[in-house]
Amino acid sequence: MPAATTGKKRTLAHPQWVAGRCRCGAVRFEIVYPALWAWHDHSEATRASTGAASMTWAGSWKKRFRLVAGEDDITRYEETDTARSFCARCGTPLFYERGRSRHVVNIPRALFGGRIGREPRYHAGLKEMPDWAYLGEALSPLKGYPGIMIERKRKKKRETSP
């Protein structure tokens with residue numbers, strides 16, 4: 001993307017915006033492509049607030065983020081150094097902000113319909129990952145249930161005596 005220089009700040013001449021939304025569509029937002037980063041969060045705090053084993057986030061500079069619709073449909077939960085926002089209509093987790101990163105907003109990657117320009121290659125909170133989380137084990141189709149996969153136990157190899 002071409003960049004223009006104005007003083008000390010570097011700005012994008014023609015930014016490309018990527019759209020995202022909550023499940024019900026009441027809250028809509030956009031970030032400038034590419035996202036700042038993307039990462040997998042395995043922490044207990046994210047697990048407790050989302051109900052999932054982990055969450056994949058996309059980070060954006062706040063100055064490259066804009067709310068398109070639904071400001072009145074956003075509710076916030078604030079803790080000591082973090083704030084999490086949700087859609088008040090459908091409950092979709094929307095934004096995660098941290099006090100030590102005041103210029104960044106993190107958004108669930110799944111809320112974007114298209115590419116964001118970053119692959120989630122970072123993992124946070126691995127030590128807090130639950131023992132029941134899927135770790136990429138081999139899967140095979142479950143007979144009689146289309147679209148459902150099952151982890152198959154691996155057969156132990158017999159030791160052969162010489």
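What follows is a short chat about the predicted model shown above.

Q: Hey, how many helices and strands are there in the protein?
A: There are one helix and 14 strands, where helices (H or I, at least four residues) and strands (E, at least two) are DSSP runs numbered from the N terminus. This is a predicted model, so local features need pLDDT of at least 70 and side-chain atom pairs count only at pLDDT 80 or more, while totals for chains, interfaces and linings use all residues. Residues are numbered from 1 along each chain as its sequence is written, and side-chain values use heavy atoms, with hydrogens and water left out.

Q: Thanks! What share of the residues counts as buried?
A: Of the 162 residues, 31% count as buried. Buried means under 20% relative accessible area, exposed over 50%, and partly exposed in between (1.4 Å probe, protein chains only).

Q: On to salt bridges: how many does a search of the whole structure find?
A: Six. A salt bridge here is a side-chain nitrogen of Lys or Arg within 4 Å of a carboxyl oxygen of Asp or Glu. In one of them, the side chains of Arg 66 and Glu 30 meet at 2.5 Å, N to O. Arg 66 lies in strand 7 and Glu 30 in strand 4, so the pair ties together parts that are 36 residues apart in sequence.

Q: And is Glu 30 buried or exposed?
A: Glu 30 is buried, with a relative accessible area of 18%.

Q: Which ring does the charged end of Arg 66 sit over?
A: The ring of Trp 17, 3.7 Å from its centre. The rule for this is NZ of Lys or CZ of Arg within 6 Å of the ring centre and within 35 degrees of the ring normal.

Q: Nice. Which residue forms a salt bridge with Glu 97?
A: Lys 62 does, with the closest N and O atoms 2.9 Å apart. Glu 97 is in strand 10 and Lys 62 in the loop between strand 6 (55-61) and strand 7, 35 residues apart. Both belong to a network of salt bridges that also links Arg 76 and Glu 78.

Q: Changing topic, how many aromatic pairs are there?
A: The count comes to six. Rings of Phe, Tyr and Trp (its six-membered ring) pair if their centres lie within 6.5 Å; planes under 30 degrees apart count as stacked, over 60 as edge-to-face and the rest as tilted. Phe 29 and Phe 112 form an edge-to-face pair, 5.6 Å centre to centre with 85 degrees between the planes. Both of these residues, Phe 29 and Phe 112, are buried. Another edge-to-face pair is Phe 65 with Phe 95, at 5.3 Å and 80 degrees.

Q: Which residues form one aromatic cluster?
A: Phe 29, Phe 65, Phe 95 and Phe 112.

Q: Where is the cis peptide bond?
A: It joins Tyr 33 and Pro 34, with omega about 0 degrees. Pro 34 is in the loop between strand 4 (28-33) and strand 5 (37-41). For background, most peptide bonds are trans.

Q: Last one: what does Ser 140 touch?
A: Leaving aside residues up to four places away in sequence, Ser 140 touches Ile 148, Met 149, Ile 150 and Arg 152, where contact means heavy atoms within 4.5 Å. Ser 140 is in strand 13 (residues 139-141) and is buried, with a relative accessible area of 18%. Leu 139 lies in strand 13 too, but Leu 139 is partly exposed at 39%.
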